Amino acid sequence: MRKLCTFTPGAIWPDSNGVHINAHGGGILRRDGVYYWFGEKRAAQASEGINVYSSPDLYNWQYEGVALPPVEGDPDHDITRGCVMERPKVLFNEATGKYVMWFHLELKGQGYRAARAGVAVSDTVTGPYEFLRSLRPNGNMSRDMTLFEDDDGTAYHIFASRDNYDMRICQLSDDYLTPTEKDVVIHGDHREAPAVFKHEGRYFLITSGCSGWKPNEARLDTADSIWGPWTGQGNPTRGPNAETTFDSQSTHVLPVEGREGAFIFMADRWIPGNLTDSRYIWLPIKFEDGRPVLNWIDEWDLSWFDENTGVG
Ligand code: DGJ
């Protein structure tokens, strides 16, 4: 397999075996100099658990296997085969030395009505992860979600609640395994697909609207405290197809290690008829007057940040 040295948003992204990466709605964790990409393993439609890939450079990805497979032969299990596992995110907990995965879980045969969060844990980054439980944080519905770890090690679960009308944020326990009662509504504007990042002491939240697999316009919110108030800043995307987030939906914003102020916006271009084939839209974030802006780029590499980091 030829070494890759650029990002090509929307193209087929082969892993080191030459197979299109199957890690949708994903997120990335960096540990010991290696990036780990966790995402939904999808058949044409079916959910097949959570995949994990590793990379030293963000361009070349080695398939590490299924980090959390669905359970076989136990129809009453929360993650029995046929359930839907979406938008996994993994954090490392320094105090316990454990890797903690949260994901959106829909129970088998219930469409999107269960609206739960699943929690799994592992001693090793690539797993396999042990499923602990599923829950509704403080009794609230939980669909599209992300995790965010602040500089002080406090972690938060950010999730679409009340049939996607509310975006909530809930502080996690010190071991990251359970929700705490510190839990507020960020806004009630019917948004999903949250991605959170922090730059120069400010918090940034990118979300999508709610239109199923169809793309729509992204929105940026900012706050000086993670608890808000969060203020809407409009659509951060620019140029042709900005009204559909370049035909994609946010999933994660990745701080690039060793490059202050360098962030990659990660999104999914869903192909509902064949979810396996859904594409990855990764674009560099430019700061203009402190405000994140996204422009389409056909092909780019990390040297983009040499010219553009800290602009504005
Ligand atoms: C939109 C969500 O963002 C996706 O993760 C997925 O749940 C689809 N809806 C299903 O229609």
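**Entry 1: ligand contacts**

I started at E86, where a polar side-chain atom lies 2.7 Å from an oxygen atom of the ligand. I kept in mind that this is a predicted model. Next I checked R87, which also places a polar side-chain atom by a ligand oxygen, at 2.9 Å. For D144 I got 2.5 Å between a polar side-chain atom and an oxygen atom of the ligand. I then looked up the cover: the ligand has 300 Å² of accessible area on its own, and the protein covers 89% of that.

**Entry 2: the shell**

Which residues are around the ligand? I listed E86, R87, Y112, D144, E192, G212, W213 and Q249. Sorted by class, that shell comes out as four charged, two polar and two nonpolar residues.

**Entry 3: the ligand's pocket**

**Entry 4: the largest pocket**

I moved on to the largest pocket and noted a volume of about 930 Å³. Its lining runs to 33 residues, with F148, E149, D151, P255 and E257 nearest the centre. I checked which elements give two or more residues to that lining, and got β1 (24–31), β5 (84–93), β9 (145–149), β13 (192–199) and β18 (249–255). The largest share is five residues, and β1 supplies it. By class I wrote down 15 nonpolar, 12 charged and six polar residues for the lining of the largest pocket.

Rolling a water-sized probe over the atoms shows where empty space is left. How many cavities of 30 Å³ or more does a search of the whole structure find? I got one. The largest cavity holds about 30 Å³ of space. I noted its lining as A23, G25, G26, W37, T251, M266, A267, D268, Y280 and W282. At least two of the lining residues come from each of β1, β19 (263–269) and β20 (279–284). Here β19 gives the most, with three residues. The class tally for the cavity lining is six nonpolar, three polar and one charged.

Note on methods. Residues are numbered from 1 along each chain as its sequence is written. This is a predicted model: local features need pLDDT of at least 70, side-chain atom pairs count only at pLDDT 80 or more; totals for chains, interfaces and linings use all residues. Side-chain values use heavy atoms; hydrogens and water are left out. A residue is near a molecule or strand if one of its heavy atoms lies within 4 Å of it. A polar contact is a pair of N or O atoms within 3.5 Å; within protein, one must be able to donate a hydrogen and the other to accept it, and residues adjacent in sequence count only if both atoms are side-chain atoms. Accessible areas come from the Shrake-Rupley method with a 1.4 Å probe; for residues, only the protein chains shown count as cover. Ala, Val, Leu, Ile, Met, Phe, Trp, Tyr, Cys and Pro count as nonpolar, Asp, Glu, Lys and Arg as charged, and the others, Gly among them, as polar. On a 1 Å grid over the protein atoms alone, a cavity is a set of points where a 1.4 Å probe fits but cannot get out, and a pocket is an open set with protein on both sides within 12 Å along at least five of seven lines; lining residues have an atom within 4 Å of a point. Grid points are joined across faces, edges and corners, and a volume is the space filled by probe spheres set on the points. Helices (H or I, at least four residues) and strands (E, at least two) are DSSP runs, numbered from the N terminus.
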